[in-house]
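Let us walk through a protein model, one contact at a time. Keep the structure in view as you read.

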Amino acid sequence: MRFLTVGGAMIDTIAIIDSDRIERMSMFNAESSFLLLEEGGKTEAQEISTHCGGGAVNAAVAMSRLDQDVATMVKLGRDTRAEALLARLMDEGVSTRWVHRDQHAPTGASVLISSHDRNAAIFTFRGANTLLEPADLQDDAFAVDAVYISSLANKSGECLPTIIASAKDHGAIVAVNPGLRQLSAYGRAFQDCLERIDILSINRTEAGALVPHLVTKAGEGGPGLPLAAGEKLPALAVDGLSGGGFEMSLVGFFRTLTALGPSHVVLTDGGRGAFVATPTEILYCPAAQCPVVGTAGAGDAFASTFTTFITLGCGPEKALRAATLNAASVVGHIDTQNGLLTLDVLEAALADKSKGPAVRRWPL
């Protein structure tokens, strides 16, 4: 199969800090915690390393390792960071034919501070990532089986409708993994695109950003999942989703969103697992048990793996299990790509039911 990924390309600098060298403050009435850096102080790091990353690059590498023909459409500067990214893409067998270079803006970069539970705090400089424009969207690039669109910001975010239209003109499956910034800044444009999106992948926070819009369609609340005797539901199925002062049940959220267009809605909840909704059912897979070295890139691995398996004609259960296993492998590494599995390794893991978490399902 042929894939095109569109979105971000970054150079990640990752600092690992021992837990006893940096303070963490956790909130009692929210699921937030903060790393406290002393102003003017110098903190010893366990390790500082540099890696290639970014949503579109991570997805492209994941798909290439799954033996797919993949190209990426990103915008880089003319600097050493760009050269490192191009070299990585070529090493991984990803086509750089549709990579664009900006004459003035530098290539995007991130700094990740990883400590305590290894859920890194991230400082992001988007650089040339924000500068995709209609002239960069060559029509030939979209003559593929599936187009995977990662988070787009600023001027690049304005291109989403054009990207989706070009993909649909070529009969491609459209998979979108938007970021919170994109949903907040371009919410109306994103909502107008929902009817043309086939696979939508979001996390719990991003889902909350969609709640106010969905409430205008279906109202607050909604039914819960049926509970069998002795059965314990996943936390998100019990708590539901909230955003903008509104609340929806998980069933209400999925029913409303799938009715607006997407045939598959992927909703990840970190270490608590992930859900997939189709117009007829909800599937849930708990997170695979693994040592957590770094959480960066797990969402990209999950969404791109799910998209690949659906495009290959697999059912949502196999795609969900594959995405769960690949994301767990990424979590076992500090960076976003070294843990990505090859297709033969992933297929072997899928064949061994004892190694993967079981999928639960309910009618929608």
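Are Arg65 and Glu92 buried or exposed? Both Arg65 and Glu92 are buried; buried means under 20% relative accessible area, exposed over 50%, and partly exposed in between (1.4 Å probe, protein chains only). This is a predicted model, where local features need pLDDT of at least 70, side-chain atom pairs count only at pLDDT 80 or more, and totals for chains, interfaces and linings use all residues. Residues are numbered from 1 along each chain as its sequence is written, and side-chain values use heavy atoms, with hydrogens and water left out.

Now the charged contacts. The whole structure has 15 salt bridges (a side-chain nitrogen of Lys or Arg within 4 Å of a carboxyl oxygen of Asp or Glu). One of them joins Arg65 and Glu92, at 2.8 Å from N to O. Another joins Asp136 and Lys75, with the closest N and O atoms 2.9 Å apart. This pair ties together parts 61 residues apart in sequence, because Asp136 sits in the loop between strand E10 (121–125) and strand E11 (146–149), while Lys75 is in strand E7 (residues 75–76). Strands (E, at least two residues) and helices (H or I, at least four) are DSSP runs, numbered from the N terminus. Asp136 is buried at 9% relative accessibility, and Lys75 is buried at 5%.

Next, the rings. There are 2 aromatic pairs. Rings of Phe, Tyr and Trp (its six-membered ring) pair if their centres lie within 6.5 Å; planes under 30 degrees apart are stacked, over 60 edge-to-face, and the rest tilted. Phe275 and Tyr284 have ring centres 4.8 Å apart and planes at 40 degrees, so this pair is tilted.
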